[in-house]
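Biologist: I would like a close look at a single part of this model, with the criteria behind each term spelled out as we go.

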Amino acid sequence: MSSTTAVTDATFQSEVLHHEIPILVDFWAEWCGPCRAVSPILDKIAEENTGKLSIVKMDVDENPETVERYGIVSIPSMLVFDGGQVVKRITGAKPKPVLDADLKEFLA
Amino acid sequence: MRQTIIVGSGPAGYAAAIYAARARLRPLLIASSVDVGGELMKTTDVENFPGFPEGIMGPDLMVKMREQAERFGTEIVHDDVTKLELGGDIKRATLGDGGVHEALTVIYAAGSAYRRLGIDDEVRLSGHGVSWCATCDGAFFRQQTVAVVGGGDSALEEATFLTRFADKVFLVHRRDSLRASAAMQDRARANPKIEFSWNQKVAHVYGDEKVDGIGLVGTDDGAEIRLDVAGLFVAIGSDPRTHLVHGQLHLTAEGTIAVDGRSSRTNLPGVFAAGDVIDPTYKQAITAAGSGTVASLDAEHYLAALAAHSSPAPAPV
């Protein structure tokens, strides 16, 4: 369905918190319709912004630790991390122009 | 130039597409970018759609409708309509990607959007415990207490679904009786995890980082109480998505698109409306599908009449 890399509780620190550029984590689940809808849009945004914003996904069913730590209670939730800190939090599936606008500080 | 453009990908849009495609109208269906499949994509078991005696999952039903529309040649695009120009003989739809599509007819079946409570902090805490999608977010409330606000089928379905995860579900309703179907009511009333809060409306939602409670006000006595809940699921109905046609199509007092009698004909020739956008009352998958069918047949009839008028005039007798 998606070519985006999956991160897990085990790899979160190395792949997300220590990532060198801003990185968006898409918290999703197989059973979530809006997550499936937004997934190809995020793939597209990742493709258009290589080197500026990385995008990875995390399955909320399999990674309870990270889900709990960041207080995820709604999916899709998209958290942008920069230097190990959450710098942006987006909730809900949105059309591409809206997501592009939400993320514009990272895409410039 | 196309024969017809269908806006919307719920039961009305797909039913219209199935009929239009079988009538060789080669419809273009604009499905939206993130709401493809419409409201049923956020439901679980659909038990009242004829033909599925064991029930069917809402998303599965929508995939089947889509496949049936595609089987007969419907072209589907995943984008949002940002502008509709319906006035002339040729109708134009502009998409989010800037593309423009033209057709002789438009079937408008954009459905309805969830209503908000309109209270302070509802938007701020959206995604932090305030939700419009129990099937998306219910699993995050394992062993917690949540509230559902609303009194229709969707509120009761959400409440019942949430008991899979939550220890307790308050069903907050501003009246003392429900609009929901008897089958849905019986199920909810028999569920020991569901507690009804009658004659109450949600006036506040509390929480800094995430929801930790809601404030209720009695609709009869004005008494205020606080419920400690970790989640608030809003299911208070929906409003027709008519913003794209404001100023072009006539609306009814209820805010739906006005159509001529039992037909789908709007005030503009060649523009037909179907599903929740014309229906303030029933709003069922099956009524929307029936309505989409009517729109497709009306569009077909209109196109046939156009073709007859534009063909060379018969020799005088």
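Biologist: How many of the residues of strand β3 (residues 54-59) of chain A are buried?

Modeller: Before the answer, the conventions: residues are numbered from 1 along each chain as its sequence is written, while chains are lettered from A and ligands numbered from 1 in the order in which they are written. This is a predicted model, in which local features need pLDDT of at least 70, side-chain atom pairs count only at pLDDT 80 or more, and totals for chains, interfaces and linings use all residues, and side-chain values use heavy atoms, with hydrogens and water left out.

Six of the six residues of β3(A) are buried, so the strand is largely enclosed by the rest of the structure. Here buried means under 20% relative accessible area, exposed means over 50%, and partly exposed lies in between, with a 1.4 Å probe and protein chains only. Strands are DSSP runs of E with at least two residues, and helices are runs of H or I with at least four, both numbered from the N terminus.

The pairing of β3(A) comes next, where two strands are taken to pair if DSSP finds at least two bridges between them. With strand β1 (residues 5-6) of chain A, β3(A) pairs in the parallel sense over two bridges, and A:A6 stands opposite A:K57 of β3(A). With strand β2 (residues 23-28) of chain A, β3(A) also pairs in the parallel sense, over six bridges, and within that pairing A:I23 has A:S54 of β3(A) as its bridge partner. From β2(A) the chain crosses through helix α2 (residues 33-48) of chain A to reach β3(A), and this β-α-β crossover is right-handed. A crossover is called right-handed if, with the strands pointing away from the viewer, the path from the first strand over the helix to the second runs clockwise.

The loop between α2 and β3 of chain A holds A:N49, which is buried, with a relative accessible area of 5%. The C-alpha atoms of A:N49 and A:F106 lie 8.9 Å apart in space, although 57 residues separate the two in sequence.

Turning to the cysteines of chain A, a disulfide is a pair of cysteine sulfur atoms within 2.5 Å, and by this rule the count over all chains comes to two. One of them joins A:C32 and A:C35, with their sulfur atoms 2.2 Å apart, and with 80 degrees about the S-S bond this link is right-handed. A:C32 is buried at a relative accessible area of 0%, and A:C35 is buried as well, at 1%.

In chain B, B:C133 and B:C136 form a disulfide with their sulfur atoms 2.2 Å apart. The torsion about the S-S bond of B:C133 and B:C136 is about 65 degrees, so this disulfide is right-handed, and both of its cysteines are buried.

A cis peptide bond joins A:I75 and A:P76, with omega at about -5 degrees. As background, most peptide bonds are trans, and most residues other than glycine have a negative phi.

B:Q143, in the loop between α3 (134-137) and β11 (145-149) of chain B, has a phi near 60 degrees, a positive value in a residue other than glycine, and at 62% relative accessibility B:Q143 counts as exposed. B:N199, in the loop between β13 (194-197) and β14 (200-206) of chain B, has a positive phi near 50 degrees and is likewise not a glycine.

One further loop position in chain B is B:S263, between β18 (238-240) and β19 (271-273), and this serine is buried, with a relative accessible area of 12%. Leaving aside its neighbours within four places in sequence, B:S263 is in contact with B:V294 and B:D298, where contact means heavy atoms within 4.5 Å.
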